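Trainee: Please take one part of this model and go through it closely. Then carry on to where the chains meet.

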4 protein chains.
Amino acid sequence: DRPLTLIAGPCQLETEAHALMIAETLVKICETVGAQFVFKASYDKANRTSLKGKRGVGMEAGLKMLETVRAEFGCPVLTDVHDIAQARAAAEVVDVIQIPAFLCRQTDLLLAAGETGCVVNVKKGQFLAPWDMPNVAEKVASTGNDKILLTERGASFGYNTLVTDMRSLPIMMQTGYPVIMDATHSVQQPGGQGNSSGGQREFAPLMARTAVSIGLAGVFIETHQDPDHAPSDGPNMIRLDQMGTVMKTLMDFDRLAKADPFRL
Amino acid sequence: DRPLTLIAGPCQLETEAHALMIAETLVKICETVGAQFVFKASYDKANRTSLKGKRGVGMEAGLKMLETVRAEFGCPVLTDVHDIAQARAAAEVVDVIQIPAFLCRQTDLLLAAGETGCVVNVKKGQFLAPWDMPNVAEKVASTGNDKILLTERGASFGYNTLVTDMRSLPIMMQTGYPVIMDATHSVQQPGGQGNSSGGQREFAPLMARTAVSIGLAGVFIETHQDPDHAPSDGPNMIRLDQMGTVMKTLMDFDRLAKADPFRL
Amino acid sequence: DRPLTLIAGPCQLETEAHALMIAETLVKICETVGAQFVFKASYDKANRTSLKGKRGVGMEAGLKMLETVRAEFGCPVLTDVHDIAQARAAAEVVDVIQIPAFLCRQTDLLLAAGETGCVVNVKKGQFLAPWDMPNVAEKVASTGNDKILLTERGASFGYNTLVTDMRSLPIMMQTGYPVIMDATHSVQQPGGQGNSSGGQREFAPLMARTAVSIGLAGVFIETHQDPDHAPSDGPNMIRLDQMGTVMKTLMDFDRLAKADPFRL
Amino acid sequence: DRPLTLIAGPCQLETEAHALMIAETLVKICETVGAQFVFKASYDKANRTSLKGKRGVGMEAGLKMLETVRAEFGCPVLTDVHDIAQARAAAEVVDVIQIPAFLCRQTDLLLAAGETGCVVNVKKGQFLAPWDMPNVAEKVASTGNDKILLTERGASFGYNTLVTDMRSLPIMMQTGYPVIMDATHSVQQPGGQGNSSGGQREFAPLMARTAVSIGLAGVFIETHQDPDHAPSDGPNMIRLDQMGTVMKTLMDFDRLAKADPFRL
């Protein structure tokens, strides 16, 4: 019933100055519209379509940038991890550890993330039914950590295409854990450009708005001041200068939905 | 920009008294909440899963009932047709002729429907991409009749399951024709009960609400005072005594969405 | 256990001379390789993607051409019908009446086809699970006509794409009716070229061969001497001059499979 | 053009005696029918549906068992690894390192596997198009190791269901790397039993046979003397006492297919 949380930031960390600039813009937008804010960015893109895709600044440099953002703005920060060692290292800095969709069934990684005591945001695999997520959450919860978020990011629909089944949101809410809509990756076209993934940035606000109308804990949106030249996920990131308008609309829908949420 | 239209009624016509009772209830609800209303009912279910499924009262009796509803309440009425002769006969009575999803590519039926001069509501086939609907609409429009509605009712997603891709709504809106969300059949589970189709009635208000948040011309909802004993589509019809609450919520979202619609 | 039946011909009838040329070529190939043969062609393409797609020579002219082929070569002929009146008219000429996939749940059409006493070949809808075909067959069989064929032609797999689930073949065989693999339409890309359907002709022999390895009643293949200039389904028709090679391979696999069929 | 390779064994290692018993049976069958043989078993099931699913004997004990099988029968052995450290440890013992489908895009794991110099068998993700596998193979090949196998194991098809697109086999063959059909996991029903995955064991021989008819390097089949009591993947493992019959059929189809393979 609390106001919507925005989990947002650039797909991958570039420089400290860049991270600070994006974070500052988003902090101000969220203050203006009354949203909660979590800064998100990746230090390593571990599963690029092609070996030629840019990997990122690396864990050490990346965690340092996240620490700076956190110190500067006092906002929680989130990053995604790909193995047990990374989960432990990231936990020293971040508030939220994110499990990538491809890895959402890797038991050891889920346990390691849970054991850090951080909030754990698990993205639902493109290959998973929403009613299979309680088993996933239970792996994390078995560590005694029940600070769990579950994120929808689309399901495989034929080749190189994802579809978001709106039913998955209330189904996942039945676990009692907060549910997040990833409006960026749900409009990804995996592998759709041959050597990289395509995306349909123009639909990201649609995915966010329809999900928020249910009465949702949060939305996940990647953003960049110049998506067409971003090192990854450019095709589905929203332009930073449009985030204010997008968030204003989302908060309008959030208020209405929170007053009259859809629940199973 | 006009208020939401509700296209609603029982899946199939039963008796004149029953049709009048449902219509009266829905007319009152729509007046109360400020929605436009079109009464919908079928006189023949021409594609039941099994031969044992009830077909309906037949065209002659059914059209008479629709005529009575129209005369009694002054609301437009809609029914679905399955061949050219039916299209011509129905046009004598109804305001809107509906083309079933399975038949949405049958050129002669689309032309016959267009030639009646009635409004033609074409349901998008479960096998069709949204960007293929302009070709369908053009078949109707080639008759000089551009009073066309396009309806989303879900796409095949594996076996016995449909999924609604929210992107299809703004894509179909780009044709310029009003777009309708069928919240009843999009939660159908085709053939899912062996000798009949299953359904997830509990998700129909979800499908309606998320679609309306885009800023939509209308929603299509089948309803019955006792869905579990209805002759068809019981599993996905909303209880009549819940329609008031559902419509109140939809109109709240409609007002917000019409003030700030999502458009491509 | 009888040798494989080839149901083949051009997608649509063009001229009598053309039909005779194709039929003659296929009759000779089937004699050479020891296959049974049914000549197939359509007189009307009733559900083209676009209104601009060529419809065909019409029922009267088309049935006359089929009659000529039948008289000339003594082979059974097959055509597809789209309404009750066509089913009755076609039955005067053809041996096999085919129900198009989109229409496979239209009860009245199935009953009318059954009542003609002809063999009825029903294509499984792109939206139908294989275990839902017994209900379809039962509609035809309720007329007292159990000369029924069931044809696989792919299932919807995301947008503009079909996938063939090999499991559907033995599942449909459990009905006891002969099962046919449509190697042409299973590699169709519905609506995939904007105003017409695309196709992957290069995979048609693959679909045929893998299906035949199960031990199958027949394969359905559309063929043309110049597919790139054919009026419809060009992208997925096999070149006529390759049919001899294709059939030789299929008969080799058919012999092996018939000696050791896969059955549930 | 060499005879078919069978990659087979129990889903997970149980005891050394059990591994030896299964291996011995399979070695004899392959000698009898003229197939090549690779023994496969997992020491850890790292992504069970539920935390309650049995994980396995662990890496150390498991690798020792594999070493014993290798020494006893002189056959190559394969196991799957889940992180970089495991890849290096497994390489001390096994001939083939397998990358699980969920992990097929994890760049570091692919590189680590490649760097061991072992043969690397990558399973195509349930979320991946076949034309995206060259990018995956290239990651391995970038290490200078081109001993790569690519395995089909089904694609997501709605919820809790996989479908195998036969076209994926020749598409992956175009890379030049040997292609394997996993007849066991392609008939898995992921998460289909609530707390564990279901499966359709009865279709595994179908998947193997249809794939082999193309002319394939190998098939992957999990087997157990008592699948209903196996610790994992019981529903889709073939009974060990049926493997002889299955392999005899596959070799018949292999000989025919190798003499007349399907190639794009």
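Mentor: Start with a term: two strands count as paired if DSSP finds at least two bridges between them. Keep in mind that this is a predicted model.

Now take strand 1 of chain A, residues 5-9. This strand is mostly covered, with five of its five residues buried. A:Thr5, A:Ile7 and A:Gly9 point one way from strand 1 of chain A. A:Leu6 and A:Ala8 point the other way. Both sets are buried.

Next, the neighbors. Strand 1 of chain A runs parallel to strand 12 of chain A, residues 218-224, and five bridges join the two. Strand 2 of chain A, residues 36-40, also runs parallel to strand 1, with four bridges between them. In strand 12 of chain A, its bridge partner is A:Ile221. In strand 2 of chain A, the partner of A:Ala8 is A:Phe39. Between strand 1 and strand 2 of chain A, the chain passes through helix 1, residues 16-33. That β-α-β crossover is right-handed.

D:Leu51, D:Arg105 and D:Tyr159 supply 22% of the area that chain D buries against chain A.

Then the polar side. Between chain D and chain A there are four salt bridges. In one of these, the side chains of D:Glu138 and A:Lys52 meet at 3.2 Å, N to O. The two chains also have 16 residue pairs in polar contact.

Finish with D:Ser156. You will find it in strand 7 of chain D, residues 155-156. D:Ser156 counts as buried because its relative accessibility is 6%, and the cut-off is under 20%. What does D:Ser156 touch, leaving out residues up to four places away in sequence? From chain A come A:Gln126, A:Phe127 and A:Ser156. From chain C comes C:Phe157. Within chain D, D:Ser156 touches D:Gln126, D:Thr161 and D:Leu162.

Key:
Residues are numbered from 1 along each chain as its sequence is written. Chains are lettered from A and ligands numbered from 1 in the order in which they are written. This is a predicted model: local features need pLDDT of at least 70, side-chain atom pairs count only at pLDDT 80 or more; totals for chains, interfaces and linings use all residues. Side-chain values use heavy atoms; hydrogens and water are left out. Buried means under 20% relative accessible area, exposed over 50%, partly exposed in between (1.4 Å probe, protein chains only). A crossover is right-handed if, with the strands pointing away from the viewer, the path from the first strand over the helix to the second runs clockwise. Buried area is the accessible area (1.4 Å probe) that two parts lose on being put together, summed over both. A polar contact is a pair of N or O atoms within 3.5 Å; within protein, one must be able to donate a hydrogen and the other to accept it, and residues adjacent in sequence count only if both atoms are side-chain atoms. Contact means heavy atoms within 4.5 Å.
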